[in-house]
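Subject: Structure for your review

Dear colleague,

Please find the sequence and the structure below. My notes on what was found follow directly after them.

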Amino acid sequence: MPNHFVAFWNLENLFAPEGFANRETWIAQQLASDLNGWTQALFDTKIDQLASIIRQMNGAQGPDILGVCEVENAFVLQQLTTRLNVQNNNRNYAVAHADSTQDRRGIDTAFVFDSSKYTVDPNKIFSHFVMRRTGTRDITQVTLTTQGGKDLVAICNHWPSRSGGAYESRGYRMTAGETLSYWHQRIWEERGNDIPIIAMGDFNDDPFDESLQIHARATRERGDVERAQTAVRFYNLAWRYLEQLGQDHKGKPKLLHGTLYYEGNGNVFDQLLVSKGLLIKNSPITVIEDTARIEIFPEMVDHRVGHGPIRFGLPSGNAAQNVNTGGFSDHFPVSVILQEQ
């Protein structure tokens with residue numbers, strides 16, 4: 001029974017170098033001076049840093065499937081996969097990507113996958129837009145077919161940020177949750193309610209927030225998902241991370257690591273959601289839920305700010321001040337193992 005190691009990582013502003021010849025005009029205008037000083041050398045270093053973490057996952061074999069967000073275009077992912085393939089001769093990574101035309105900064109969601117283990121029909125790559133007044137983020141959907149002929153639908157999300165305040169912006173993420181839930185329902189209508197689906201992403205909300213629990217219908221109750229017949233539900237594996245508790249100096253429980261930190265406070269925005277089709281007995285692919293985890297390697301951790309990740313950053317005209325070439329991303333990756341019957 002083959003296993004499938006699936007991960008997600010927000011790659012934090014993975015843009016092509018300044019002066020990139022094929023950059024779309026509207027993106028160049030929106031970025032303005034953000035990429036001044038984002039040299040080829042810095043871009044290459046960022047690729048090296050990301051690759052060094054990705055190849056350590058899955059017992060140093062690298063993930064089979066990796067969902068990503070905050071990538072400018074297919075070009076940057078092709079540079080990343082080229083680096084990974086050179087470093088690991090056992091892999092033949094390819095990219096499944098759809099350009100976003102809605103996000104104000106032109107950042108996309110996409111997948112990197114081992115093309116020796118999966119096929120992806122380009123006609124079944126969909127980009128679902130989360131419509132809102134002031135721009136949006138996109139949701140990318142692909143169907144990966146295993147060597148055993150089993151289909152896995154994977155949906156990569158990057159939901160609207162908390163810019164302007166978590167409360168003030170919450171409606172945008174509620175809309176994103178409804179968008180994900182709508183497409184979940186449409187997949188059921190087309191493929192049946194036992195089709196294996198995994199949704200992943202940077203949701204910019206925690207597992208207990210309304211956008212996840214009510215609008216995306218992502219719950220911590222596995223039984224509710226298994227019993228669902230007509231109304232879609234996801235089982236949110238991020239609750240497994242929240243069980244990884246330690247104690248603070250007063251002996252009270254605390255989360256040892258969030259998936260990101262803002263002003264010293266940890267959040268679990270990076271989550272993995274699985275459908276009924278990955279939970280029920282005799283399903284062609286099932287989730288091994290106790291393998292769900294935050295991927296944290298020692299070199300990634302900044303002990304000066306809680307236990308958060310060391311970010312790489314963007315120069316914004318001052319590389320010396322705003323870029324840390326020893327950093328990686330402002331998010332930790334998350335992962336889980338699926339098992340094919």
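**The nonpolar cores**

Leaving out residues up to four places away in sequence, Leu 11 touches Lys 46, Leu 50, Val 68, Cys 69, Val 71, Leu 77, Leu 80 and Ser 329, where contact means heavy atoms within 4.5 Å. The model is a predicted one, in which local features need pLDDT of at least 70 and side-chain atom pairs count only at pLDDT 80 or more, while totals for chains, interfaces and linings use all residues. Residues are numbered from 1 along each chain as its sequence is written, and side-chain values use heavy atoms, with hydrogens and water left out.

Leu 11 belongs to the largest nonpolar core, which has 72 residues; Trp 9, Leu 11, Leu 77, Leu 80 and Ile 198 touch the most other members. A nonpolar core is a set of buried Ala, Val, Leu, Ile, Met, Phe, Trp, Tyr and Cys residues joined through side-chain atoms within 4.5 Å. Buried means under 20% relative accessible area, exposed over 50%, and partly exposed in between (1.4 Å probe, protein chains only). A second, separate core of 20 residues includes Val 153, Ala 176, Leu 212 and Val 232.

Helices (H or I, at least four residues) and strands (E, at least two) are DSSP runs, numbered from the N terminus. Helix H2 (residues 40–54) has 15 residues and reaches 21 Å from its first C-alpha to its last, close to the 21 Å expected at 1.5 Å a residue; the expected span is 1.5 Å times one less than the number of residues. Among the buried residues of H2 are Leu 42, Phe 43, Lys 46, Ile 47 and Leu 50. Their cover includes strand E1 (3–14), helix H3 (57–60), strand E2 (65–71), H4 and helix H9 (319–322).

Beyond its neighbours within four places in sequence, Gln 79 is in contact with Phe 43 and Ile 47. Thr 81 is also found in helix H4, but it is buried, with a relative accessible area of 5%. With neighbours within four places in sequence set aside, Thr 81 contacts Tyr 93, Ala 94, Val 95 and Val 112.

How many residues of strand E9 (residues 197–202) are buried? The count is 6 of the 6, so the strand is largely enclosed by the rest of the structure. Ile 197, Ala 199 and Gly 201 point one way from E9, and Ile 198, Met 200 and Asp 202 point the other way.

Two strands pair if DSSP finds at least two bridges between them. Strand E8 (residues 151–158) is joined to E9 by 6 bridges, and the two run parallel; Ala 154 stands opposite Ile 198 in E9. On the other pairing, 5 bridges join E9 to strand E16 (residues 270–274), and these run antiparallel. Here Asp 202 stands opposite Asp 270 in E16.

**Thr 140**

Thr 140 lies in strand E7 (residues 138–146) and counts as buried because its relative accessibility is 0%. Setting aside neighbours within four places in sequence, its contacts include Thr 109, Phe 111, Ile 125 and Ala 154.

Yours sincerely
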